[in-house]
Amino acid sequence: MSDDETPRPQSDADPEETREWLDSLEYVFKAKGADRATYLFERLRDRLGASGAQVSAPLNTPYINTIPAAQEPPYPGNLEIERRIRSLIRWNAMAMVVKANKQHQGIGGHISTFASAATLYEVAFNHFLHGKDAPQGGDQVYFQGHGAPGVYARSYVEGRLPEEALHHFRREVSGAQGLSSYPHPWLLPDYWEFPTVSMGLAPIMSIYQARFNRYLHDRGLKDTSAQRVWAFVGDGETDEPESLGAITLASRERLDNLIWVVNCNLQRLDGPVRGNGKIIQELEAIFRGAGWNVIKVIWGRHWDPLLAQDDEGLLVKRMGEVVDGWYQKYTVEGGAFARTHFFGADPRLLKLVETYSDEQIHKMLRGGHDPRKVYAAYKAAIEHKGQPTVILAKTIKGYGLGEAGEGRNITHQQKKMNEHELREFRTRFGVPVSDEQLGSTPFFRPPAGSPEAAYLVERRKAMGGPLPERRVKVESLQTPALEQFKEFIEGSGDRAVSTTMGFARMLGRLLGMKEFGKHLVPIIPDEARTFGLEALFRQYGIYSHIGQLYEPVDKSSLLYYFEAKNGQILEEGITEAGALSSFIAAGSAYATHALNTIPFYIFYSMFGFQRVGDLIWAASDMRARGFLLGATAGRTTLEGEGLQHQDGHSHLLASAFPTIAAYDPAFMFELAVILQDGLKRMYQDQEELSYYITLYNESYPMPPMPANAEEGIREGMYRFQAAPEKGKHRAHLLASGPLVNEALKAQELLLQRYGVAADVWSVTSYKTLRVKTLEAERWNLWHPDEPPRVSYLQKTVQRFDGPCVAVSDYVRLVSQQISPWIPSGLLALGTDGFGRSDTRKALRRYFEIDAEHLAVATLYALHQQGAKVTAQTVRQAAQDLGLAPDDQAPWQR
Ligand SMILES: Cc1ncc(C[n+]2csc(CCOP(=O)(O)OP(=O)(O)O)c2C)c(N)n1
Ligand SMILES: [Mg+2]
């Protein structure tokens, strides 16, 4: 085993002396308890370290259960009934997948994930997980996505789901009662609370959920002191960087309301998680090092007598040296192989099992399949104070599937079982299905009045009702009227400000509103100073569960770095994934806590959809509400920063998210209208959507809101400035964000030099324009004999009397979203390509979106459409305006 280069401890030079030390320790342990013994041990270690010796602090404990058999609490439930119920759930979960694939090959589903986790879930369902009617409130439970069939099967056995629903597992659109493949609140809004199937997201979301529960408590918004967050995680899933990326937050914040159960079935999809190592030991060291309470549940009760006889530690040593790949093989090969290979390593080990049959050896349970061991771990976890707990439970993937897949590398994808395999499964778990019925793999529910049915009902009632359950009980919140944003509507006069600064002031105003302000949750990933939000630190405080234990260096300044237990701001540090997880927790509190908390998450727009788009997708699935503010937006407006920072496509990405309203405002008054509307829609009208708004850091005087612009701002476009005079030609310039200023310059240029009277439109949301037009078009398609519907966009552009040229700080596809409905076509300018570092002026010239390019493009569009503008005029204009086009487009460079 030891052909690696791990340093080994020295050999024992004086065994007698060693024995004396060990005896002393043993004496203290027995006479004065573990705490005293540990204390002495740590003092010895400290002293050695202080003397200059290299003391290693091993992060691993031996490969055995953390809770010894002697310390196991009695099991509070009826083990026999629970076993029968568990078996029925196993059967139904398996039947769901097998049936679905029998009827429609390829429809998919997973048997073996839940097969390995059934005991982990069932002990929790019967004794730990609280439903929403529990006096202290429900727990928040993240179920492993691929284990969904087991959760549905339990709901069926409980009588919550009708049989019809199970028949439509993974067939959601062809049956009224379809069940979604995985936990999706969007698809089953009364059932699932948390989307978990994109692996790695549930772990990080659960950490921030637990922290958010604390935040609500510390701010006095809700007593969450007895609510827990449970996350069931796959061992393979821990390879996702998001899974382990935030675990130190949980220990730093002392989240003893958080419990993770890692189902260590040693396998992922393709094969072993750590064939050459031990995933449980690896995770133990990581979590221990990160400050978590670690409870290992490795061996079931059948191993206890053997461990009790293991005076010399031979068995524990053997358990520790065998790698996971072998453990998997013992499952597949059976008892005889395990005897020879595992116990056969030493004659003394062989002797331990000499009275055991091969069959007995094969059936010796792994810890995660033994309800007593699992119960002991859960109980210790909920009683543990001051740290989050992770339970590392060893199980067998595909447990109970026998030759159909138990422990095999193909098991993750196993969806079919032949009659022989079904019979074995049925018999093994004692499911009351006859041989004749086997072929149809019937579902089975214990009849009403049976002991199983009664037990199920009684347990869930005692635990506070059904689970999972998503329940929305929040009340409408009165949101501020537009008049309360008057100063922003009136503009900034001559003072140059940016929309980011405008936002910072609006956020300040909202936070300061009596009653309303407390609902806000500002979230920042270490960029408050970049966005001009540092004034909020002192005024509203940065949330810290333990307050501020030090005097900040800037204490004497007005805006010092103030941390407080009731602080309102979530300053997340450099973690967009973590900040978004906080956004999700706050944005879904209307469902999880019946509270209207309003997240304002402000970040570098480049590090939003691009960096953590999958979490935004999960937020939408979860029906989270709130504001995502993509600041320092625009490929050219964020000058200097270059390729990795300059965002010119988040609006394109946002357009693919069904429930996100995406806005790209140019002026402070636009932002005020959008924010006010968003607050009203999400919190007063309780619509389920969220907002993505880009903010820029270019300063210019903010004009007052033109008359009658309000509706257009919300609908996506309005005429900001009509052509000041009549000209020989007409054109329409569509501009967004700071590029409206370039359009205004182009308007002047076109009129002065070329006699073109162009109207300047501010387009605040291409996405809104497009979606509403698609809706009208679709309605018309299905109602050809009725008067057609006309969208706001269509009504607006119907009146266009000249070509249409669009410009924004985003890629062309963003404005081209509305091309199909512009009668004379749309010529789009945009920032396709990688960003560069330079000044705004140079960048806009480079990307061909400045006023001069806009003017030439407009002349070209007029020429193309048969207006009296010759090709020569266009060419000459380019020359006169100093444009020297490169043959290569910016996206090729
Ligand atoms: C982000 C992501 N990548 C890949 C997948 C596909 N996938 C689904 S389950 C699975 C293996 C899961 O292994 P593990 O986490 O150990 O769970 P187990 O089924 O063994 O309990 C994979 C790769 C996914 N769902 N999400
Ligand atoms: Mg696994």
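Predicted model: local features only at pLDDT ≥ 70, side-chain atom pairs only at ≥ 80, totals over all residues.
User: Where does Asp256 lie?

Analyst: The loop between α9 (247–252) and β3 (258–264) holds Asp256. Such labels come from DSSP runs numbered from the N terminus, where helices are H or I with at least four residues and strands are E with at least two. Between the C-alpha atoms of Asp256 and Leu422 there are 43 Å, and the two residues are 166 apart along the chain.

User: Which residue has its C-alpha atom 6.1 Å from that of Trp260?

Analyst: That residue is Ile391, which is 131 residues from Trp260 along the chain. Trp260 belongs to strand β3 and is buried, its relative accessible area being 0%. The side chain of Trp260 also has a polar contact, at 3.0 Å, with the side chain of Ser206. A polar contact is a pair of N or O atoms within 3.5 Å; within protein, one must be able to donate a hydrogen and the other to accept it, and residues adjacent in sequence count only if both atoms are side-chain atoms.

User: How many residues surround ligand 1, and which are the closest?

Analyst: A residue belongs to the surroundings if one of its heavy atoms lies within 4 Å of the molecule. Here 18 residues surround ligand 1, and Thr113, Gln144, His146, Asp235 and Lys397 are the closest. By class, the shell has three nonpolar, ten polar and five charged residues. In that scheme Ala, Val, Leu, Ile, Met, Phe, Trp, Tyr, Cys and Pro are nonpolar, Asp, Glu, Lys and Arg are charged, and the others, Gly among them, are polar.

User: What lies 2.8 Å from an oxygen atom of ligand 1 in the side chain of Asp235?

Analyst: An N or O atom of the Asp235 side chain lies at that distance. Gly236 places a backbone N or O atom 2.8 Å from an oxygen atom of the ligand, and Asn265 has a polar side-chain atom 3.0 Å from an oxygen atom of ligand 1. Taken alone, ligand 1 exposes 600 Å², of which the protein buries 76%; these areas come from the Shrake-Rupley method with a 1.4 Å probe, and for residues only the protein chains shown count as cover.

User: Which residues coordinate the magnesium ion (ligand 2)?

Analyst: Donors are N, O and S atoms within 2.8 Å of the metal (3.2 Å for Na, K and Ca); water is not among the atoms, so sites may look incomplete. Asp235 (OD), Asn265 (OD1) and Gln267 (O) coordinate the magnesium ion at 2.0 to 2.1 Å. Along the chain, the donors have the spacing D-x29-N-x1-Q. Both Asn265 and Gln267 are buried.

User: How many aromatic pairs does a search of the whole structure find?

Analyst: The search finds 56 aromatic pairs. One of them joins Trp230 and Tyr378, with 5.2 Å centre to centre and 75 degrees between the planes, an edge-to-face arrangement. Rings of Phe, Tyr and Trp (its six-membered ring) pair if their centres lie within 6.5 Å; planes under 30 degrees apart are stacked, over 60 edge-to-face, and the rest tilted. Trp230 lies in strand β2 (residues 229–234) and Tyr378 in helix α17 (residues 371–383), so the pair ties together parts that are 148 residues apart in sequence. Trp230 is buried at 1% relative accessible area, and Tyr378 is buried at 0%.

User: Why is the pair of Trp299 and Tyr327 tilted?

Analyst: The ring centres of Trp299 and Tyr327 are 5.9 Å apart and their planes stand at 55 degrees, so the pair is tilted. Both Trp299 and Tyr327 are buried.

User: Which residues does a cis peptide bond join?

Analyst: The cis peptide bond joins Leu467 and Pro468, with omega about -5 degrees. Pro468 is in the loop between α20 (451–462) and α21 (486–489).

Technical notes:
Residues numbered from 1 in each chain as written. Chains lettered and ligands numbered in written order. Heavy atoms only, no water. Buried < 20%, exposed > 50% of the residue type's maximum accessible area, 1.4 Å probe, protein only.
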